[in-house]
Structure formats: structure tokens, C-alpha cells
Amino acid sequence: MPGASRILLIIGGGIAAYKALDLIRRLRERGHSVTPVLTRAGAEFVTPLSVSALAGRKVYSDLFDLTDEAEMGHIELSRSADVIVVAPATADLIAKMAQGHADDLASTLLLATDTPVLLAPAMNVRMWQHAATQRNIATLRGDGIGFVGPNEGDMACGEHGPGRMAEVPQIVAAVEAGLADGPLTGRRILVTSGPTHEPIDPVRYLANRSSGAQGTAIARALAALGAEVVFVTGPATVPPPEGVEVIRVETAREMLAAVERALPADAAIFAAAVADWRVARESDRKMKKTGGALPHLEFAENPDILATVSALAEGRPRLVVGFAAETDDVVANATAKRARKGCDWIVANDVSAATGIMGGAENAVTIITAEGTEAWPRMGKAEVAARLVERIAQALA
Ligand code: C5P
């Protein structure tokens, strides 16, 4: 854990504002100080009294409060923190930030600051998915603003999908990861992980044995070195790491769309075991046994996400890393794969059943780069991740 930090917490107007109260407690428990700013809309959901009581200090809310200006102007307030956290970050606050508005205390602080900013978005799923919001998010990402969440799930408005504010421990982890000054601080890195599920009918799907363990370990190791990590994961069996932005998908096509939305990034690590094929026509009803006649499934090829990103003429990450899970001629196949996919490095491994690697705790990899191949001894997946991430940090330095 990094040392005690000064956190300026802006609480926007959304039902998730109640979680900001717990966030203040958890941050203080961990030794950080929290200076709260409550927007006018935020004050409709939580009271200034609860906020200041939990923070143990005055809550700021009005730009034109002369006493505050005499004590500490908004410029100073915005710069006297190690990090500014906005939780919940509403669609409106995000839009204001993207446009550079400064018409209340929160937006003025965000425009006047030179401090790292972390947003925990929270809004209705349609508002989150709206092209305007996604445009604003992309703009802010390009400006170097950090994000944690939103998560997917049931929402207070009764709908289901992405838009729920990240949980408090996730936000705490993201704040601390951002403060941890490491060799990857300021770098945005995309990681894909887990299998994909390709539907056959409403109850059946094609899948593979990937647990998501290696991709998860890589994302965790990247965050530990200070990277801002976007983790695009299929339905994995291991839980995603904390302190990273988690985007859950099911199919290869959804994974490609999520990856394209998550760019730009400094590096992209494609650890997902993406299904190469899907069923060409998914049945919208459960397929039935019909008197001994076997079903006839036609297949279609899935988009190759790694090859697509490697071939980007504009916005290609500086370092693109692919994986090659092989059962025969590992190095020869993986070397050919590196050329075919157009990525910079391939992390190759032997996934023959006898190795116990797929779904297991260990991995034995060979790294293939333009300079040649390097075989690493068999070791834990966390150790593979740590070594790989160290190399990534060197490559991006
Ligand atoms: O072609 P193959 O599946 O062996 O390639 C493995 C590498 O390509 C992995 O890095 C995997 O994440 C990526 N991949 C992808 N999209 C696909 C298939 C594989 O990104 N449709």
C-alpha cells in the first residue's frame, strides 16, 4: 500500500452517492485524508452533514462561497490533493469535463487541476451506452483521465447492464494503484482474458477450457506497477483483479467491440482464448431431439481481434502481445503465428493435456519477439505475469 495521501473526493448527483459515504470511511481507515466536495445534485442524495462528519472536515460545495475563497481558493483546493476522485461521476459531470465547462465548484476544480483524476462513473445503462457518453469517455481517456468501473449488474432504476458504480473496495484499490508510482504509471494497457462463449441456442454454447488465470495475473501485475488497466474478459472461472476497469463480454464479436471502444492504449495483451468459430445461425429456440436426426451446425469464422488490432493503421498500441496455445511444434507454430497476426511478441505455451497448463496454476512459456525466442522455465502463472510485465515496462520506457 502506498503512503497516506490527500484525496479530493467529488460526490456527484446519483443514487450511488450513498456509496461515497462508505468510500470516505474506507479511505480514511487506510490512512488517507479526504476533502469532500458535494455537488448541488449530490446534496439531493446525501447530506453535507453526513459527508463532513465521516470525512472529519468541512465539505465544499459552492464556488461563490467567499469564506472558502478567503481560506482556500478553488485553484488551491484543486491542487492541494494527490488525486481527485469523482464518485459517482454522472453522465452530466462527465460531459462537462469532456467539454471543459466550469459552471460550478466541481467542474471548475476539475478544469483547474493538474492532479491525476480518477472517475467512478454511475448512470443508467442506456445513458452509459449512449454514443454521446462513449464519445465523452474516449475524449477524457485521451486527456489522461483514469476510470474505475462501471460494473455490470442490477441498477436502482430497475434495469440491468453496465452503469453501476464500481464497489468501494474496487475504487480504493484503483486510487491506491494510481498513487503507487511504478514504471507503468501513466500507461494505459488493455488485457483480454478468459474464454468466449459462442451461443448455439438459448441454453447451449461452444466454449473452451481457459480459466482466465494467466490474463488475470497479468492484469494484476500491470496494475501493481502503476498501469491503468482495462480488462476485457469472457466468462472466466477466476474472479477479475481489483483496481482495474473490468469489461465483461461473452462472444468474440462482443470482445472485439469492447476492445475497439477501449482503445487507445499504450500496449495491448491478448491473453483471451477466443473461439475461432461460432455457429453461423444461432437458434432463438432450444433445439430439440427430433426422432434420432442429428442437428446440423454450420460454422462461421470469428473476427481475429489480435490481428485486427495489430493491423490498425491509426491508433495501434505501441506494443501488441499475442498468445499461442499450441499442442504441437510450439515454437515453429508460434513463430509463424507472430508473422501472420502482425503482433510484436508472442507468448507461446504447450497446452497438451499432459502439461496440465490449461486451467492449471503453472505455465511454461516461450517468448517470441523480433529478436528471437526465449524459453522460460515452468513457473507459477503469477510469476510468468510478473516477468512478462517487467519486460513490457522496459519496452514502453
Ligand atoms: O489463432 P490463435 O487462436 O491460436 O491465436 C491466439 C492469439 O490470438 C491469442 O493472443 C488470442 O487472444 C488471439 N485471438 C484473438 N481473436 C481471435 C482468435 C485469437 O484475439 N478470434
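Two strands count as paired if DSSP finds at least two bridges between them. Helices (H or I, at least four residues) and strands (E, at least two) are DSSP runs, numbered from the N terminus. Keep both in mind as you open the viewer.

The model on your screen is predicted: local features need pLDDT of at least 70, side-chain atom pairs count only at pLDDT 80 or more, and totals for chains, interfaces and linings use all residues. Residues are numbered from 1 along each chain as its sequence is written, and side-chain values use heavy atoms, with hydrogens and water left out.

**Stop 1: the parallel sheet**

Select residues 6–11, strand β1, together with residues 33–38, strand β2. β1 and β2 pair in the parallel sense over 6 bridges. For one of these bridges, click on L9: its partner in β2 is P36.

Buried means under 20% relative accessible area, exposed means over 50%, and partly exposed is in between (1.4 Å probe, protein chains only).

An open sheet of 5 strands runs in the order β2-β1-β3-β4-β5, with parallel pairing. At its edges are β2 and β5 (146–147), each of which pairs on one side only. Strand β4 (residues 117–121) joins β5 in the parallel sense over 2 bridges, and L118 has G146 as its bridge partner in β5.

Next, show residues 17–29, helix α1, which packs on this sheet and touches β1, β2 and β3 (83–89). The direction of α1 makes about 170° with that of β1. Axes here are lines fitted to C-alpha atoms, for helices over the stretch in contact, and angles run from 0 to 180 degrees between N-to-C directions.

**Stop 2: helices α5 and α8**

Select residues 91–99 (α5) and 131–142 (α8). Their axes come within 9 Å and cross at roughly 50°. That makes α5 oblique to α8. Angles under 35 degrees count as roughly parallel, over 145 as roughly antiparallel, 65 to 115 as roughly perpendicular and the rest as oblique.

Which way does α5 pass α8, left-handed or right-handed? The crossing is left-handed. A crossing gets that name if the near helix is turned anticlockwise from the far one by less than a right angle, and is right-handed if clockwise.

Show side chains to see where they meet: A91, I94, A95, M97, A98 and Q99 of α5 face T133, N136, I137, T139 and L140 of α8 in contact, meaning heavy atoms within 4.5 Å. By class, this contact has 7 nonpolar, 4 polar and no charged residues. Ala, Val, Leu, Ile, Met, Phe, Trp, Tyr, Cys and Pro count as nonpolar, Asp, Glu, Lys and Arg as charged, and the others, Gly among them, as polar.

**Stop 3: the mixed sheet**

Move on to an open sheet of 8 strands, in the order β12-β11-β8-β13-β16-β17-β19-β20, where the pairing is mixed. Its edge strands are β12 (245–248) and β20 (372–375), each pairing on one side only. From one strand to the next, the twist averages 15°.

Zoom in on β16 (residues 319–326), which pairs with β13 (residues 267–270) in the parallel sense over 4 bridges. In β16, G322 is the bridge partner of F270, and V320 stands opposite A268. β16 also runs parallel to β17, joined by 6 bridges, and F323 has V347 as its bridge partner in β17. With 7 of its 8 residues buried, β16 is largely enclosed by the rest of the structure.

Helix α11 (residues 252–262) lies across β8 (188–193), β11 (228–233), β12 and β13, at about 175° to β8. Helix α13 (residues 330–341) lies across β16, β17 (345–350), β19 (365–369) and β20, at about 150° to β17.

**Stop 4: a single residue**

Click on A364, in the loop between β18 (362–363) and β19. A364 is partly exposed, with a relative accessible area of 28%. Beyond its neighbours within four places in sequence, A364 has contacts that include A348, N349, W376 and R378. A364 and R378 are 14 residues apart in sequence and 4.1 Å apart in space, C-alpha to C-alpha.
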